Amino acid sequence: MKKTALVIMAAGLGSRFGGIKQLEPVGVSGEIIMDYSIYDAIKAGFNKVIFIIRKDLEKDFKEVIGNRIAEKVEVEYAFQELTNLPEGFSVPEGRTKPWGTGQAVLSCKGLIKEPFVVINADDYYGSEAFVKVHDYLVASENEGDYCMAGFILGNTLSENGTVTRGVCQVNAEGNLIDIKETKAIEKKGTNAIAIEDGVETELALSTPVSMNMWGFQPGLLADLEEGFVTFLKENGQELKSEYLLPEEVGDLIKKGKASVKVLSTNDKWFGVTYKEDKPIVMESIKELVNKGLYPTKLF
């Protein structure tokens with residue numbers, strides 16, 4: 001069986017939630033959202049898990065989830081550190097936050113040797129997306145064959161505030177042409193709207209969006225390394241600039257170095273973006289357990 005890895009980005013501070021939201025219990029038996037993603041990924045055929053965390057969270061993280069999961073599947077840890085920069089670069093004075101999702105995945109350098117899927121720690125993606133991404137990666141022959149789980153915008157909105165989504169343009173062959181990180185999206189009537197610099201843009205609820213669930217080949221790491229150097233030359237002195245995975249993928253598509261197949265999924269996303277989301281997530285998981293999609297106790 002071809003080896004494939006699940007990479008979970010869990011180094012975020014959870015600032016909007018007011019705590020380490022990735023470690024909040026939401027399941028019937030006290031599971032956290034990550035447990036469901038790991039369960040779905042293992043079931044789909046992924047056989048290794050890499051957690052990207054902050055070094056200072058390591059002890060708590062292992063106690064809450066890492067040690068449990070290590071009994072079921074191979075586990076590795078990567079640490080996203082503010083100071084982990086290529087030679088010749090330094091952290092500008094006053095900067096406190098790491099460098100974004102591109103740097104997060106780059107922190108797995110040396111650990112990733114197989115095709116892999118990248119996800120956020122605090123998002124529930126549903127089992128369909130994991131199966132589709134896994135099967136695509138296993139069947140792919142070329143190093144630049146990537147994929148992305150394409151969610152329907154209407155299935156990814158929060159009742160409790162605005163969200164940021166990667167709004168996708170997809171061609172007739174189902175390949176990603178462009179992706180635009182779009183902030184402040186909320187439902188309005190039968191559509192959604194995004195407000196940027198006071199300008200309101202209407203979006204159809206059927207618009208395909210990225211939830212940062214990507215399928216990659218291991219060669220991506222070399223491209224991320226190169227891209228990070230370019231990014232730091234241009235933005236390295238800014239205090240809040242971020243090296244974002246979707247933007248780097250977009251650049252690779254434009255350069256003809258990668259093609260990204262958008263694998264449509266009808267699963268309903270949910271996640272804990274705001275404190276008020278937690279009861280909704282708990283209720284949603286309870287419903288899935290009642291329908292028999294998950295056991296009462298996952299691990």
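Is Cys 147 buried or exposed? Select it: Cys 147 is buried, at a relative accessible area of 0%. Buried means under 20% relative accessible area, exposed over 50%, and partly exposed in between (1.4 Å probe, protein chains only).

This is a predicted model, in which local features need pLDDT of at least 70, side-chain atom pairs count only at pLDDT 80 or more, and totals for chains, interfaces and linings use all residues. Residues are numbered from 1 along each chain as its sequence is written, and side-chain values use heavy atoms, with hydrogens and water left out.

Next, select Cys 168. Cys 168 is buried too, at 7%. A disulfide is a pair of cysteine sulfur atoms within 2.5 Å. The whole structure has zero disulfides.

Move to Ser 107. Ser 107 sits in the loop between α3 (101–106) and β4 (116–120). Helices (H or I, at least four residues) and strands (E, at least two) are DSSP runs, numbered from the N terminus. Ser 107 is buried, with 15% relative accessibility. Show its contacts (heavy atoms within 4.5 Å). Leaving out residues up to four places away in sequence, Ser 107 touches Ile 52, Ala 78, Phe 79 and Gln 80.
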